[in-house]
Amino acid sequence: MAMVHGGNKAQSTAEIKLRGVIHIHSRISYDGQETIARLAEFFRSRGYDFMCITEHSDGLKQEDMQRIIEECAQATREDFIAVPGVEFSCRRRLHLLGIGVTEPVDSHDPVPVTQHIRSQGGVAILAHPCAYGAETPDELAGLLHGIEIWNQPKDGKLGPGAEPLRLWKRWRALNPALRAVGAIDFHRLDSPSSLGMEISVSERTPKAVIQALKNGPVRLKGPWVALSGETPPEGWPETKYFVLSRIYLSLRATRNFLTGRKR
């Protein structure tokens with residue numbers, strides 16, 4: 001608890017610890033299946049305090065954006081917060097989360113898109129940076145607030161991905177404020193949903209959640225692994241995450257080979 005003294009009076013600001021999920025798609029996205037209201041009910045019933053909706057920019061119109069804003073406002077209540085946002089599809093097979101963004105943008109160039117997110121007061125996060133053969137230009141490092149080092153559907157439940165972790169460490173040299181996030185990239189109720197983001201806020205509002213994700217500190221909390229989003233792991237913890245990532249990828253490749261899945 002922080003104490004601010006002024007004259008004979010003392011004011012106290014209590015930190016509220018929240019746990020939530022980011023990178024969520026409703027049926028407003030072309031590949032989502034649930035309404036925002038149903039998603040809010042689902043995550044609230046599982047003990048989460050907030051969710052960040054990031055609908056695909058593909059085909060997203062201004063009226064869709066207004067619907068996202070309105071439905072998130074309706075889903076927000078005293079004990080749960082729904083934050084609107086967009087997942088922007090960009091050139092170089094890059095995807096950028098704009099948490100808190102309320103306006104679409106015509107550009108598909110990652111630099112102007114990131115600048116648009118920041119101009120809207122949103123949180124700019126590079127999503128699943130090592131998936132789909134994405135190119136990751138170093139010029140983005142200084143513009144981003146965060147990078148997904150752990151995308152649960154793509155990196156698994158065991159821990160962050162080895163390649164995203166390496167990219168975060170390299171980009172931290174270019175942007176020491178760049179923090180790591182964990183996301184569930186949620187589309188259906190049977191999607192993996194056990195990776196949360198832990199933050200501290202002074203009030204339970206969408207604005208406070210956005211500021212906490214933007215400015216930190218944040219913590220990634222999975223089923224068996226938790227790590228700071230502020231400082232990359234070194235030594236044994238880093239080695240452990242690399243090993244867990246390799247184990248998961250090997251198991252997934254074996255499963256895909258035996259079942260004929262593509263990924």
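**Cysteines and salt bridges: a quick chat**

A: Let's start with Cys52: this residue is buried, with a relative accessible area of 0%. Buried means under 20% relative accessible area, exposed means over 50%, and partly exposed is in between (1.4 Å probe, protein chains only).

Q: Thanks! What kind of model is this, and how are residues numbered?

A: It is a predicted model, where local features need pLDDT of at least 70 and side-chain atom pairs count only at pLDDT 80 or more, while totals for chains, interfaces and linings use all residues. Residues are numbered from 1 along each chain as its sequence is written, and side-chain values use heavy atoms, with hydrogens and water left out.

Q: Back to cysteines, then. How many disulfides are there?

A: The count is zero, where a disulfide is a pair of cysteine sulfur atoms within 2.5 Å.

Q: Nice. Which residue does Asp49 pair with?

A: Asp49 forms a salt bridge with Arg204, at 3.8 Å from N to O. The two residues are 155 residues apart and link distant parts of the chain: Asp49 is in the loop between helix H1 (36–45) and strand E4 (50–53), and Arg204 is in the loop between strand E12 (196–201) and helix H6 (206–215). Helices (H or I, at least four residues) and strands (E, at least two) are DSSP runs, numbered from the N terminus.

Q: Is Asp49 buried or exposed?

A: Asp49 counts as buried, at 15% relative accessibility, whereas Arg204 is partly exposed, at 35%.

Q: What about Asp138, which residue does that one meet?

A: Asp138 meets Arg170 in a salt bridge, 2.7 Å from N to O. Asp138 lies in the loop between E9 and E10 and Arg170 in helix H5 (residues 162–172), so the pair ties together parts that are 32 residues apart in sequence. Asp138 is partly exposed at 39% relative accessibility, and Arg170 is partly exposed at 42%.

Q: Last one: which residues are joined into one network?

A: Arg44, Arg77 and Asp79, through salt bridges that share partners.

Notes. Salt bridge = Lys/Arg side-chain N within 4 Å of Asp/Glu carboxyl O.
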